[in-house]
Amino acid sequence: MTSLDPRAPLVLDTRELGRRPGSERHVEVTVPAPADLGIEVLAVPEGSPVELDLRLEAVMEGVLVTGTALVGLDGECVRCLEKIEDEAEVDIQELYVYNDSRDGQAPDEDDETSRTEGDLIDLEPVLRDAVVLALPFQPMCQDDCPGLCPDCGARLADEPEHDHGDKVDPRWAGLASLKEDPSN
Ligand SMILES: [Zn+2]
Ligand SMILES: [Zn+2]
């Protein structure tokens with residue numbers, strides 16, 4: 001009844017552990033990133049290398065996976081839209097409970113527990129959560145990016161002295177007075 005593809009890059013085989021608590025296996029592989037890994041403004045490009053450095057350890061109730069994933073990131077600064085290329089090392093820690101320990105209980109829809117499927121475990125949802133959690137909600141090209149000039153759209157990080165003085169662009173002056181006129 002397993003639905004996992006043992007050849008999928010993020011499906012790991014735990015058979016070697018033999019369910020003997022204490023036995024462990026070190027997995028160091030580079031796999032292609034799945035699609036949609038990340039958030040809208042910052043994500044791991046699909047197919048880019050994800051370096052996994054993991055320890056699979058058999059414990060009483062399942063297989064404990066701990067380690068790190070090193071991913072490349074592509075995105076844009078939320079303030080000035082400059083392209084961001086970065087990398088992140090995210091921590092992975094997840095217990096995959098042996099599926100048969102369910103002992104005939106009805107599957108629970110809200111059950112968030114990761115489970116083994118046969119001898120296989122699916123790392124993808126865990127990697128996905130770990131990456132999303134590790135990403136800044138508001139990625140910026142530099143600490144406290146000054147953003148874009150509200151008047152002309154110039155990138156202020158490139159022009160620290162950028163200034164229009166007090167004068168308002170004549171194209172917008174008319175619009176401003178329209179807006180302020182309550183009779184409109
Ligand atoms: Zn920026
Ligand atoms: Zn400006």
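**Close-up views of a predicted model**

**View 1. The buried side of helix α1.** Helix α1 (residues 124-134) has L127, A130 and V131 as its buried residues, where buried takes 20 or more other C-beta atoms within 10 Å of a residue's own, exposed 12 or fewer, and partly exposed lies in between, with C-beta atoms placed from the backbone. They span an arc of only 95° around the axis, which puts them on the same side of α1; the arc is taken over the directions from the helix axis to the C-beta atoms. Exposed P125 and L133 sit on the face turned away from that buried side. Helices (H or I, at least four residues) and strands (E, at least two) are DSSP runs, numbered from the N terminus.

This is a predicted model, in which local features need pLDDT of at least 70 and side-chain atom pairs pLDDT 80 or more, while totals for chains, interfaces and linings use all residues. Residues are numbered from 1 along each chain as its sequence is written, with chains lettered from A and ligands numbered from 1 in written order.

**View 2. What α1 packs against.** The partners of the buried α1 residues are β3 (37-39), β4 (42-44), β6 (62-76) and β7 (83-97).

**View 3. Around V71.** Beyond its neighbours within four places in sequence, V71 is in contact (C-beta atoms, placed from the backbone, within 7 Å) with A33, V44, V50, E87, A88, V90 and V131.

**View 4. The loop at E117.** E117 lies in the loop between β8 (114-115) and β9 (120-122). It counts as partly exposed because it has 15 C-beta neighbours inside 10 Å. Y98 is 19 residues from E117 in sequence, with 7.7 Å between their C-alpha atoms.

Conventions. Two residues are in contact if their C-beta atoms, placed from the backbone, lie within 7 Å.
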